[in-house]
Amino acid sequence: FFSSFPEPMTKNVQKPDTLWGGRATTAFKVFNWELFVKPRRWLMVSGFIIMAGCTGRILYELYSDQGDHQRIQRNKRVLQLAEEIKQKDAMRERQEQSEQ
């Protein structure tokens, strides 16, 4: 009885490569690979969490006084070192002049 029904036509039908039903060239697949791979939700979620954390840290440093304080302290130390180097150079020059 069932042999009289025609077979479904799904065997020889090719699935289109693209969402709009066309064939995609190799170059298109290389440059738009995200259209052809299965999305990995765990990777998307972890990437979003990491990106949000980095953005939050940058914004926190930008708008908090603590970030400014650390920058100021570093700059003070650099200026102190520069001043010490200038003083040592000046002392060396005086010693060279007194030796001549």
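**Entry 1: Arg 92 and its partner**

I looked up the exposure of Arg 92 and found a relative accessibility of 46%, so this residue counts as partly exposed. The model I am reading is predicted. I then asked which residue forms a salt bridge with Arg 92. The partner is Asp 89, and the closest N and O atoms of the pair lie 3.2 Å apart. The cut-off for such a contact is 4 Å. I also checked Asp 89, whose relative accessible area of 34% makes it partly exposed. Both residues belong to helix α3, which covers residues 65-99. Because Arg 92 and Asp 89 are three residues apart in that helix, about one helical turn separates them. A search of the whole structure returned one salt bridge.

**Entry 2: A patch on the surface**

I next looked for nonpolar side chains on the surface. Val 45, Phe 48 and Ile 49 form a nonpolar patch there. Together they have about 340 Å² of accessible area. I noted where Ile 49 sits, and its place is in helix α2. Is Ile 49 buried or exposed? Its relative accessibility is 54%, and the limit for exposed is over 50%, so Ile 49 counts as exposed.

**Entry 3: The chain as a whole**

I recorded the secondary structure of the protein chain as three helices and zero strands. Read from the N terminus, the order is α-α-α. The chain has 100 residues, of which 6% count as buried. Its accessible surface comes to about 10100 Å², and carbon and sulfur atoms account for 61% of that area.

**Entry 4: Confidence**

The protein chain averages a pLDDT of 80, and 76% of the residues score at least 70. I compared the elements and found the highest mean pLDDT, 92, in helix α2 (residues 41-63). The lowest mean among them, 84, belongs to helix α1 (residues 26-31).

Key:
Residues are numbered from 1 along each chain as its sequence is written. Side-chain values use heavy atoms; hydrogens and water are left out. Helices (H or I, at least four residues) and strands (E, at least two) are DSSP runs, numbered from the N terminus. Buried means under 20% relative accessible area, exposed over 50%, partly exposed in between (1.4 Å probe, protein chains only). Accessible areas come from the Shrake-Rupley method with a 1.4 Å probe; for residues, only the protein chains shown count as cover. pLDDT is the predictor's confidence in each residue, from 0 to 100. Patches are made of residues with over 30% relative accessible area and no salt bridge: like charges are joined within 9 Å, nonpolar side chains (Val, Leu, Ile, Met, Phe, Trp, Tyr) within 5 Å.
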